[in-house]
Amino acid sequence: MKKQKAKREKRVVLDVDRCISCHACDVACYESHSEKFCLSRSNFDITVDLPLHCKHCTDASCVAVCPVEALEKREDGVVYHNNFRCIGCLSCTIACPFGVLSAKRVRHIISKCDLCYDMLEEGKEPRCVQTCTSGALSFEEITYEDENERDRVDARVKAKPWRRL
Amino acid sequence: MSSVEEYRTKCTFCSVQDDIILKRKSTKAAFFEKGSLFKLYYDEKSKRGLCPRGNFTLELLNSPYRLRKAELFGEECSLDEAIKGSVPELKRIIEKKNNVAILLSGNHTLEEAYLAKTLSNELNTELLGLFPFEDEALLSIKNDFSFNSLSESDLVVTVGDVFSISPTLARPILDARSKKRGNRLISLDIIKGRVSLFAEHFNVKPGYMSYFLSVLLNFLEGKSKLKSNETVAGVSAMRIKEMAEILKNSENGQILFSNIYGHFTNPYSIVGKLSSISEITENRFAVVPLGQNSLGVGRIIGDFNNKKILDVLKAKKIEGLIVLGGDPFEFIPKFEDIFGYLNFVMSTVFFKGSNLSECIIPSNFSFEKKGSFISLEEKIVNLGEPVPPVGDAISDGDFISILLSALSGSEAKARVSIPQGLSFIKETDNKMPSSITDKKYPFTAVGIGLPFHHDRGEVSRRVKWNEQKNEPYVFINPCRVKELSLGSKVKIETPNGSSVFKIEDCSNLPFDIPEDMIAVPVHFPESAQLFLCDSDSDGIISPGAVKARIVK
């Protein structure tokens with residue numbers, strides 16, 4: 001895996017007021033990641049069915065608990081999962097504070113969002129963002145000014161006060 | 001050495017026809033995983049992404065369920081053998097006029113539709129029809145629609161669940177709503193669908209949409225007045241007046257109609273009334289077809305034949321049936337009964353499973369063929385470079401050409417007529433429909449669309465993405481399930497027919513199901529049994545909201 005130099009980090013942001021729960025992001029992700037489920041779904045309420053992305057935390061607890069160092073924080077901010085090291089122990093799924101790492105193993109290992117780094121290297125956006133039918137997902141830059149703020153609002157979900165559910 | 005082949009083409013599933021790019025890297029790798037040969041890219045020009053069905057393009061390319069060989073009388077054979085074996089049978093049948101019917105799917109190219117018209121002349125029949133049947137309603141109007149103008153609209157009125165049928169329209173619609181303060185999004189439907197979560201929703205009683213629109217139309221024309229305490233089809237007079245005001249005051253509004261099997265009663269009347277409402281209020285109006293090219297195919301066919309075809313099939317008056325682009329068992333109600341009387345059934349299909357027709361030809365998806373389409377915006381668009389198809393699969397156009405040569409030795413000339421539009425479409429019907437439910441049938445069965453399916457479901461029928469759903473299911477309000485002590489499976493019966501369904505968890509839906517409703521996802525062949533129609537009042541073969549009961 002070629003490491004990239006540190007840049008302004010970009011993350012997938014969800015505008016909950018636009019998501020129509022069509023699952024196009026799930027399918028695009030599944031099709032391009034050798035049929036693995038890298039996105040989780042929220043299950044808060046019957047009217048809320050939203051995609052949940054890995055937040056690629058600054059101080060990622062999944063990286064800290066992994067016994068075989070299958071998870072690593074790259075210089076570009078992506079928390080990368082190495083398929084060849086993973087032993088499928090599920091420690092990371094328990095450690096994840098957002099519950100976005102699914103305990104469902106595919107071919108004995110976990111599946112995790114890699115921000116479609118192959119697309120990023122081509123200068124494109126992750127597949128889930130590209131395919132989003134309603135424009136709910138966007139790939140936005142997190143400025144350094146936001147750095148301190150970022151962990152506090154790490155869910156990275158834009159919620160508007162007038163959202164009706 | 002490796003090289004990259006690029007195929008720029010169109011998504012194969014709906015009338016939005018999004019651009020896609022398929023890239024294939026040819027390399028001499030010792031090992032590659034399934035699907036690694038092709039990669040799917042989204043054309044950055046359209047900025048609309050792809051819906052779940054569009055994303056399945058990759059899966060379709062390599063699907064193990066694709067039919068790869070032709071079949072004649074249940075035996076695998078080559079394409080030549082299949083055509084040679086079929087020709088004598090067809091020649092015998094076509095000695096009598098109108099003895100064979102041809103049904104053509106709305107996913108064919110204009111060229112294929114033209115060839116199908118030629119084939120119908122050669123087969124001595126006028127029985128050439130379009131399916132999905134509900135798309136017949138759009139033949140009589142011209143869509144006044146463009147993606148640019150949609151996202152600039154100050155008002156969008158959706159009739160039917162547009163977000164479920166064509167999810168990629170969600171972005172311009174939501175853009176329009178949030179563009180300026182005061183822009184409106186109104187959803188008019190018989191069920192709280194996906195659009196209703198984002199819109200001001202008007203919930204009309206199932207079966208009463210046509211009546212509701214006629215009341216609104218008369219009010220807009222000033223022909224009738226509404227009493228303040230009056231309720232029309234479940235909507236209060238005050239809200240109807242409010243809606244009329246919104247429609248009148250909009251400067252560049254867009255009305256969109258989207259139907260699915262079993263959802264709306266009298267969709268023809270609904271289209272006619274919406275067309276009149278848009279004229280009076282000076283808003284644009286468009287119908288979103290289910291088929292990718294139903295607009296183009298329908299106009300080349302040029303006649304409203306679906307009802308005639310279903311009538312002769314039901315009366316067992318014909319001997320042959322040719323279905324291009326689908327399995328007749330999936331969409332013709334009670335086809336098992338009709339099938340026994342037909343001497344020869346020929347179908348071109350994409351997937352394995354329809355092994356009952358006498359002759360089955362493996363067919364191509366649009367990204368595997370050349371040709372042109374009419375888009376939702378009424379523009380002619382060309383498909384790009386075709387992707388190499390699997391097995392012996394050929395496009396229906398090539399198949400028709402080979403069949404025509406085998407039948408006549410030369411290509412026949414076709415007469416292409418222009419559809420005439422039905423006169424009764426503008427007529428308003430002010431009669432209040434009689435109640436759908438009665439003591440014997442206390443429920444209303446309503447067809448609903450889910451954006452996650454195609455074909456028989458082996459490939460992608462999932463309500464929750466990670467669960468395969470091959471068994472037909474319905475949604476019933478959990479309170480009624482508890483009250484009636486229903487088990488996991490129920491038999492649903494309507495005056496048209498009955499089928500057994502699994503009761504699906506309603507929490508998989510983003511909306512509630514009313515207590516007196518059975519919501520039936522329409523992509524199962526079993527669902528079609530419930531909505532069979534004899535002679536619908538406006539002549540279209542798409543009945544909706546039928547009375548139903550649960551047989552334990």
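Predicted model: local features only at pLDDT ≥ 70, side-chain atom pairs only at ≥ 80, totals over all residues.

Q: Why is helix 4 of chain B called roughly parallel to helix 11 of chain B?
A: Look at the angle. The two axes cross at roughly 25° and come within 9 Å. Angles under 35 degrees count as roughly parallel. Therefore helix 4 of chain B is roughly parallel to helix 11 of chain B. The crossing of this pair is right-handed.

Q: What makes helix 4 of chain B and helix 15 of chain B roughly parallel to each other?
A: The angle again. Helix 4 (residues 110–122) and helix 15 (residues 396–408) of chain B pack at about 25°, and their axes are 9 Å apart. The cut-off is under 35 degrees, so helix 4 of chain B and helix 15 of chain B are roughly parallel. Here helix 4 of chain B passes helix 15 of chain B in a left-handed crossing.

Q: Which residues make the contact of helix 4 of chain B with helix 15 of chain B?
A: Helix 4 of chain B brings, among them, Leu115(B), Ala116(B) and Leu119(B). Helix 15 of chain B brings residues including Ile400(B), Leu404(B) and Leu407(B). By class, the contact has seven nonpolar, four polar and four charged residues.

Q: What makes the phi of Ala233(B) worth a mention?
A: Phi is near 50°, a positive value, and Ala233(B) is a residue other than glycine. Ala233(B) lies in the loop between strand 11 (231–232) and strand 12 (235–236) of chain B. With 21 C-beta neighbours inside 10 Å against a cut-off of 20 or more, Ala233(B) counts as buried.

Q: How do you know whether Ser485(B) is buried or exposed?
A: Ser485(B) has 7 C-beta neighbours inside 10 Å. Exposed means 12 or fewer, so Ser485(B) counts as exposed. Phi of Ser485(B) is near 50°, also a positive value. Its place is the loop between helix 16 (478–483) and strand 22 (489–494) of chain B.

Q: What joins Phe131(B) and Pro132(B)?
A: A cis peptide bond, with omega about 5°. Pro132(B) is in the loop between strand 7 (128–131) and helix 5 (147–152) of chain B.

Q: Where do domain 2 and domain 3 of chain B touch?
A: Nine residues of domain 2 of chain B are in contact with 10 residues of domain 3 of chain B. On the domain 2 side, four are nonpolar, two polar and three charged. The C-alpha centres of the two domains lie 35 Å apart.

Q: How many residues link chain A with chain B?
A: Contacts join 21 residues of chain A to 27 residues of chain B. Helix 1 of chain A gives the most to the chain A side, with five residues. That side has eight nonpolar, nine polar and four charged residues.

Technical notes: Residues numbered from 1 in each chain as written. Chains lettered and ligands numbered in written order. Axes fitted to C-alpha atoms, helices over the stretch in contact; angles between N-to-C directions. Helix = DSSP H or I, 4+ residues; strand = E, 2+ residues; numbered from the N terminus. Parallel < 35°, antiparallel > 145°, perpendicular 65-115°, else oblique. Left-handed = near helix turned anticlockwise from the far one by under 90°. Contact = placed C-beta atoms within 7 Å. Nonpolar A, V, L, I, M, F, W, Y, C, P; charged D, E, K, R; others polar. Domains from an automatic or database assignment.
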